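Me: I am new to this structure and would like to know what stands behind the words used for it. Please set each value against its definition.

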Amino acid sequence: MSYSIPSKMKAWVYNEYGGVEVLKLEADYAVPEVKDDQVLIKVVAAALNPVDYKRRLGKFKAIDSKPPTVPGYDVAGVVVKVGIEVKGLKEGDEVYGDINENALEQPKRYGSLAEYTSVEEKLLALKPKNLDFAQAASLPLAIETAYEGLERAGFSAGKSILVLGGAGQGDRAVKVVKEDGCVVYIAGAATPPGFSFLLTSNGEMLKKLNPFLESGKVKPVLDPKGLFPFDKVNEAFAYLETNRATGKVVIYPI
Ligand SMILES: C/C=C1\OC(C)=C(O)C1=O
C-alpha cells in the first residue's frame, strides 16, 4: 500500500514559552522530514503528559529544543513512509510510542499533536491488537516510566510496593521505608537513599509489555472526562493543568 503524503499539515504549535494561550492551531505547517532510521506516522491519537505543559512553560528551556515547537510525546497511528535504514516496520503498520528518547534534552520540535510526526523505529512498537488508537496513545510515556522504575528498583515477584500519587510526599516515604527497601522518584530531586530517574523511551519496553496489555492483565486508564477532539487541544491542556485529571488526557480523532 502506498500513501500520498502532503507537504503541509494541521499542527498545534507554540512560538514562545508560556501558558495555554501560546498554543495555536496552524493549518499549513510543514510535514516533518523522515530520517533514514525513522518512519513517518499519520497520527490517529495522541496523549498529553505533564512534561508537555512544563516544557511549554519553559521549565526546561536551558536544554530544550527551541520553539517553534509542536508539543506531544505520546503517539498512536499508521506508518505511511519508512526511512532506508528501517528494518522492522512497513507502510500500513499500526504503531504507538513515546517519540522522544530523552524527555528533556533536545526533544523533537515536531511532536505528536499534529497530523504527521517522524519517529525513530527503535522508539516504537506495534499497537496491541485489542486496543484502539486512543487507548494505545494513552500508554507509552507513563507505562515506560513505571516499567523502568520497577527495573531500577530491582522489583520482583513477592516484594511489596506502595505507589504514591503525584502529591505523594517521597521525603516521608524515605523515613518509613524498610531497611532493604528503596524509594523511586520519577521526576525531580530525591532524598537519599531514594533515587530519581528520567525515563528513556524505548520501543523494546513496549514490546515486552504488549502481552500484558493484550491479555488484559494491564489496562489503559483514560480520563472519565472523555476524549478531546484535535481542535480542542488547548482545552485539553487547560484541563490537565488543573491537576484534577484522574486518567490519561487523550486527543482523538486527529
Ligand atoms: C519525563 C517526565 C517528566 O520529567 C520531569 C523532570 C518532569 O517534571 C516530568 O513530568
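Me: Why is Glu120 called buried?

Reply: Buried means a relative accessible area under 20%, exposed means over 50%, and partly exposed is in between, with a 1.4 Å probe and protein chains only. Glu120 has 15%, so it counts as buried. The residue lies in strand E6; helices (H or I, at least four residues) and strands (E, at least two) are DSSP runs, numbered from the N terminus.

Me: What kind of model is this, and how are residues numbered?

Reply: This is a predicted model, in which local features need pLDDT of at least 70 and side-chain atom pairs count only at pLDDT 80 or more, while totals for chains, interfaces and linings use all residues. Residues are numbered from 1 along each chain as its sequence is written, and side-chain values use heavy atoms, with hydrogens and water left out.

Me: What joins the side chains of Glu120 and Lys108?

Reply: A polar contact is a pair of N or O atoms within 3.5 Å; within protein, one must be able to donate a hydrogen and the other to accept it, and residues adjacent in sequence count only if both atoms are side-chain atoms. The side chains of Glu120 and Lys108 are joined by such a contact, at 2.7 Å.

Me: Which residues does Glu120 touch, leaving out those up to four places away in sequence?

Reply: Glu120 touches Asp37, Gln38, Ile99 and Lys108. Contact means heavy atoms within 4.5 Å.

Me: What makes Tyr29 and Tyr110 an aromatic pair, and what is its type?

Reply: Rings of Phe, Tyr and Trp (its six-membered ring) pair if their centres lie within 6.5 Å; planes under 30 degrees apart count as stacked, over 60 as edge-to-face and the rest as tilted. A search of the whole structure finds three aromatic pairs. In the pair of Tyr29 and Tyr110 the centres are 5.8 Å apart and the planes stand at 55°, so by these cut-offs the pair is tilted. It links distant parts of the chain: Tyr29 is in strand E2 (residues 24-30), and Tyr110, 81 residues apart from it, is in the loop between strand E5 (94-98) and strand E6 (116-120).

Me: Are Tyr29 and Tyr110 buried, exposed or partly exposed?

Reply: Tyr29 has a relative accessible area of 17% and is therefore buried. Tyr110 has 28%, so it is partly exposed.

Me: How do you know that Lys42 lies over the face of Tyr116?

Reply: A charge sits over a ring if NZ of Lys or CZ of Arg is within 6 Å of the ring centre and within 35 degrees of the ring normal. Lys42 lies over the face of Tyr116 at 5.5 Å from the ring centre. Lys225 lies over the face of Tyr239, at 5.2 Å from the ring centre.

Me: Why is Ala125 called buried, and where is it found?

Reply: Ala125 has 1% relative accessibility, so it counts as buried. It is found in strand E7 (residues 124-126). Leaving aside neighbours within four places in sequence, Ala125 is in contact with Glu94, Val95, Tyr96, Gly203, Leu206, Lys207 and Asn210. Ala125 and Tyr96 are 29 residues apart in sequence, and their C-alpha atoms are 5.7 Å apart in space.

Me: What is the place of Thr145, and why is it called buried?

Reply: Thr145 is in helix H3 (residues 140-152). Its relative accessible area is 10%, so it is buried. A polar atom of the Thr145 side chain lies 2.7 Å from the backbone oxygen of Leu141. Not counting residues up to four places away in sequence, Thr145 touches Ile186, Phe197 and Leu199.

Me: Why is Gln106 called exposed?

Reply: Gln106 has a relative accessible area of 51%, so it is exposed. Its place is in the loop between E5 and E6. Phi of Gln106 is near 50°, a positive value in a residue other than glycine.

Me: Why does Asn243 count as exposed?

Reply: The relative accessibility of Asn243 is 57%, so it counts as exposed. Asn243 lies in the loop between helix H6 (233-240) and strand E10 (250-251).

Me: How does the radius of gyration of the chain agree with that of a compact globule?

Reply: The radius of gyration is taken over C-alpha atoms, and the globule rule is 2.2 Å times the number of residues to the power 0.38. With 254 residues, a compact globule would come near 18 Å; the chain has 18 Å, so the two agree. The secondary structure comes to six helices and 10 strands, and 46% of the 254 residues count as buried.
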